[in-house]
Amino acid sequence: MIRVSVLYANEPGKKFDHDYFVNKHMKLVRERLSGSGLVRTEVDKGKAGGAPGAPAPFTAIAHIYFGTLPEFQKGMGQHGKELMADVPNYTDIQPQVQISEIIG
């Protein structure tokens, strides 16, 4: 199984609409990618950093799980443009993406 993590840095002066992200964008992700091996999605909202009083390094992180990397690539090949076009509706932060194999 693979996990695609999309991380949005907690940057001063940037916007992030958590409600839109969870209720509209991630719903769109599930609708579009469910036929391409999507297993499940999760969303984290940053609350704090590791040190007392430190801000969270990320305002939000989405985790999107697939059975295989080719399934994810197929889904994004079909729907990636539409999904990326929705990003400005909830943030002006440039997302960082990491694809990981779950090994434990």
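**Chat: helices, strands and a nonpolar core**

Biologist: Which element holds Asp19?

Modeller: Asp19 is found in helix H1. Helices are DSSP runs of H or I with at least four residues, strands are runs of E with at least two, and both are numbered from the N terminus.

Biologist: What kind of model is this?

Modeller: This is a predicted model: local features need pLDDT of at least 70, side-chain atom pairs count only at pLDDT 80 or more, and totals for chains, interfaces and linings use all residues. Residues are numbered from 1 along each chain as its sequence is written, and side-chain values use heavy atoms, with hydrogens and water left out.

Biologist: Back to Asp19. Buried or exposed?

Modeller: Exposed, because the relative accessible area of Asp19 is 53%. Exposed means over 50%, buried under 20%, and partly exposed in between, with a 1.4 Å probe and protein chains only.

Biologist: Zoom out. How many helices and strands are there?

Modeller: Two helices and four strands. From the N terminus, the order is β-α-β-β-α-β.

Biologist: What share of the residues is buried?

Modeller: 38% of the 104 residues.

Biologist: And the core? Which residues touch the most other members?

Modeller: In the largest nonpolar core, with 21 residues, they are Val4, Tyr8, Phe16, Phe21, Ile64, Phe66 and Tyr90. Such a core is a set of buried Ala, Val, Leu, Ile, Met, Phe, Trp, Tyr and Cys residues joined through side-chain atoms within 4.5 Å.

Biologist: Which elements supply at least two residues each?

Modeller: Strand E1 (2–9), helix H1 (18–33), strand E3 (58–66) and helix H2 (69–85). H1 gives the largest share, six residues.

Biologist: What does Ile64 touch?

Modeller: Leaving out residues up to four places away in sequence, Ile64 touches Ile2, Arg3, Val4, Met26, Val29, Leu38, Arg40 and Thr41. Contact means heavy atoms within 4.5 Å.

Biologist: Thr59 next. Where is it, and is it buried or exposed?

Modeller: Thr59 is found in strand E3. Thr59 counts as buried because its relative accessibility is 14%. Beyond four places in sequence, its contacts include Tyr8, Phe16, Asp44 and Ile93.

Biologist: And Gly53?

Modeller: Gly53 lies in the loop between strand E2 (38–45) and E3. Gly53 counts as exposed, at 80% relative accessibility. Gly53 and Asn89 are 30 Å apart, C-alpha to C-alpha, and 36 residues apart in sequence.

Biologist: Where does Lys74 sit?

Modeller: In helix H2. Lys74 counts as partly exposed, at 48%. Between Lys74 and Gly35 the C-alpha separation is 9.9 Å, although they are 39 residues apart in sequence.

Biologist: Last one. How many positive and negative side chains?

Modeller: 12 positive and 11 negative, and the centres of the two sets lie 2 Å apart. Lys and Arg count as positive, Asp and Glu as negative, while His and the chain ends are not counted. Each charge is placed at NZ of Lys, CZ of Arg, CG of Asp or CD of Glu.
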